[in-house]
Amino acid sequence: MAVADSIRCSNCGGPVEFKPGEIIATCRYCGFLTVIETGKTFDFEHSLLPNKFDNEQINVVIHNWMHSGFLKPSDLARKSKIQERNLIYLPFWVVSAEVTSKYKGIFERIAPPIVKEGEIKKEYNWLVLARKASDFPTKEYDVPLEGKIPYDFRKIEEFAKVLNSEIDRSEATELARQQIEAHHRYLLQKDVDRIIEMTVDFNVKQIVYLHAPVWFIKYVYKGVSYQLIIDGASGFALKGDIPAANF
Ligand SMILES: [Zn+2]
């Protein structure tokens, strides 16, 4: 078990708790950010996506999810019991970048094969989860960035948990670069079958540190426990285990 440690917030003097591996901590009393290794304060933009549901409202969202979709058992909403319901603000880095890939490759689907050149140019708000071990489905998560506001600790519910970052800004940028390049390699398969050369120009416009509300639900149906993950900003189910329906 990791033991929580604590330092003093340089803004309000309150205790700031962190665990080994965490490098950026948010003060729960004033929202100030501290870089743990250096003890320095953080001078980048810190944003928050507000959560839209309280404990009762999230029950309605869960209930509706259980009722929707024909793949679920028809008595799922009636027979399930909610075992755990945790609101967690997860830390993300949002890397906004314009990425241009120029490539040359061979198109082999016709005979004789031809050499083709092309370019993929796109803008991204690429999301990097700032936690190392997590089964959070980042790919399914279409962050509603329009709704973000400057981080406000007063908006964080008493019962909610705010996780600290385990990944720093430069690591996150590097991860975004690798993931976008891999994405471009995937996209250009439409155009060429074999890449001869490729250059990637990665132009970072902005990097934002963001906390987003996610509900982690555990429910029990016929003695078995299942997990459901709901985006607290939109109410969409990001991932949900469904018991096999009995036809
Ligand atoms: Zn503070």
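Lys 72 lies over the face of Trp 65, at 4.4 Å from the ring centre, where a charge is taken to sit over a ring if NZ of Lys or CZ of Arg is within 6 Å of the ring centre and within 35 degrees of the ring normal. The charged end of Lys 116 is placed in a like way over the ring of Phe 107, 4.2 Å from its centre. The model is a predicted one, in which local features need pLDDT of at least 70 and side-chain atom pairs count only at pLDDT 80 or more, while totals for chains, interfaces and linings use all residues. Residues are numbered from 1 along each chain as its sequence is written, and side-chain values use heavy atoms, with hydrogens and water left out.

Trp 65 also belongs to a cluster in which ring pairs link it with Tyr 219 and Tyr 226; rings of Phe, Tyr and Trp (its six-membered ring) pair if their centres lie within 6.5 Å, and planes under 30 degrees apart count as stacked, over 60 as edge-to-face and the rest as tilted. The structure holds eight aromatic pairs. In one of them, the centres of the Trp 93 and Tyr 209 rings are 4.9 Å apart and the planes stand at 40°, so the pair is tilted. Trp 93 lies in strand S6 and Tyr 209 in strand S10, so this pair ties together parts that are 116 residues apart in sequence; helices (H or I, at least four residues) and strands (E, at least two) are DSSP runs, numbered from the N terminus. Trp 93 is buried, with a relative accessible area of 0%, where buried means under 20% relative accessible area, exposed over 50% and partly exposed in between (1.4 Å probe, protein chains only).

Three of them are set out here.

| Salt bridge | N to O distance |
|---|---|
| Lys 218 and Glu 84 | 4.0 Å |
| Arg 177 and Glu 174 | 2.9 Å |
| Arg 177 and Glu 181 | 3.5 Å |

Lys 218 lies in strand S10 and Glu 84 in strand S6, so their pair ties together parts that are 134 residues apart in sequence. Arg 177 and Glu 174, by contrast, both lie in helix H3 (residues 169-187), three residues apart, and a network of salt bridges links Glu 174, Arg 177, Glu 181 and Arg 185.

Finally, the zinc ion has as its protein donors the SG atoms of Cys 9, Cys 12, Cys 27 and Cys 30, lying 2.3 Å from it. Donors are N, O and S atoms within 2.8 Å of the metal (3.2 Å for Na, K and Ca), and water is not among the atoms, so sites may look incomplete. The angles among the four donor atoms are 105 to 114°, and the site is tetrahedral, a term used for four donors if all angles lie between 85 and 135 degrees.

Conventions
Four donors count as tetrahedral if all angles lie between 85 and 135 degrees; four count as square planar and six as octahedral if opposite donors are over 155 degrees apart and all others between 65 and 115; anything else is irregular. A salt bridge is a side-chain nitrogen of Lys or Arg within 4 Å of a carboxyl oxygen of Asp or Glu.
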